[in-house]
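Okay, thanks for coming, everyone. Let me put the model up, and then I'll talk you through it.

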Amino acid sequence: MSCIRSLVAVSFLASIGVSTAVTAQEMISDTTARKQPLTTWGVQIEEFEYRYSDDDEELGVWNADAFYGTDELKLRWISKGEYSLKERAYESLENQLVGQIPISEFFDAKAGVRFDTPEGPDRTYAVLGVAGLAPQWFEVDANLYVSNEGETSAELDAEYELLLTNYWILSATLDATVAFSEDREIGIGKGLVSTGTGLRLRYDLIDRAFSPYVGVVHERKYGDSADFARAEGGGTEDWFAVIGARIVF
């Protein structure tokens, strides 16, 4: 009797082992749609604002980003611009189309093309960069550009958000551009070209999707870039009062 019981027990354990192995193999080889990377899309308008400067300059400004893809590969379209309401002309107009892949837990690499089409000469650039979350929760976007004229430059955008309450958020931003070669046609000198710093206080009005804000922005040009701006009769430093909204959908 004990021998029969032993045989039954061995058979039962063997059947469990075989069943588990088959189930595991099925999970590994499962290639149905539910196991494929999830495709997502979205649009975020980080800045959509009106600026009024200390010398009565009025600008409409936007910084928008749309994406489509998976966690492994995203296609992004990035658009930035400044439109002078008095001159009725673009002071800057930039569009980028890039592919983006993860290279670490917190950072992605990206590569693509950038098109600048403001009033004046157009420029096309190759883009290589990284974007992600740095230590201390700084959002960082760093890019290297090579233009169709052969000029190279780099740009760093950094942002830090301080959660005052669940709805009130204080955002600090820094943008800096450095040129490794001169492009006099578009007013770019070698060295540090410009910086832009901003402080915005926003309120998440509709479930993080619509957040109006007010703030202040400071912009400054340096070195040869500042000299080129003076020669054209322009300024080299501005303070702006800002009102706008952050929109996500």
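**Rings, hairpins and cores**

So, the structure holds six aromatic pairs; rings of Phe, Tyr and Trp (for Trp, its six-membered ring) pair if their centres lie within 6.5 Å, and planes under 30 degrees apart count as stacked, over 60 as edge-to-face and the rest as tilted. One of them is Phe 138 with Tyr 160, a tilted pair with 5.0 Å centre to centre and 40° between the planes. Phe 138 sits in strand β7 and Tyr 160 in strand β8, so this pair ties together parts that are 22 residues apart in sequence. Strands here are DSSP runs of E, at least two residues, numbered from the N terminus.

Quick housekeeping. This is a predicted model, so local features need pLDDT of at least 70 and side-chain atom pairs count only at pLDDT 80 or more, while totals for chains, interfaces and linings use all residues. Residues are numbered from 1 along each chain as its sequence is written, and side-chain values use heavy atoms, with hydrogens and water left out.

The cut-offs are under 20% relative accessible area for buried, over 50% for exposed, and partly exposed in between, with a 1.4 Å probe and protein chains only.

Now the strands around there. β7 (residues 138-147) pairs with β6 (residues 123-134) in the antiparallel sense over ten bridges, and two strands pair if DSSP finds at least two bridges between them. Gly 132, for instance, has Val 140 in β7 as its bridge partner. That hairpin has three residues between the strands, and Gln 136 there takes a positive phi near 70°. Trp 137, in the loop between β6 and β7, also has a positive phi near 70°, and it isn't a glycine. Most residues other than glycine have a negative phi. Trp 137 counts as exposed because its relative accessibility is 59%.

Val 146 has Thr 152 in β8 as its bridge partner. This hairpin has four residues between the strands, and Gly 150 in the turn has a positive phi of about 95°.

Okay, what makes up the largest nonpolar core? Six residues: Leu 59, Val 61, Tyr 213, Val 217, Phe 240 and Val 242. Strands β2 (58-69), β11 (210-221) and β12 (237-248) each supply at least two residues of this core. Apart from it lies another core, of five residues, including Ile 78, Val 98, Tyr 125 and Tyr 145. By nonpolar core I mean a set of buried Ala, Val, Leu, Ile, Met, Phe, Trp, Tyr and Cys residues joined through side-chain atoms within 4.5 Å.

Arg 51 lies over the face of Phe 240, at 5.8 Å from the ring centre, and Arg 114 lies over the face of Tyr 145, at 4.3 Å. For that, CZ of Arg (or NZ of Lys) has to be within 6 Å of the ring centre and within 35 degrees of the ring normal.

Last one: Arg 246, in strand β12. Arg 246 counts as buried because its relative accessibility is 13%.
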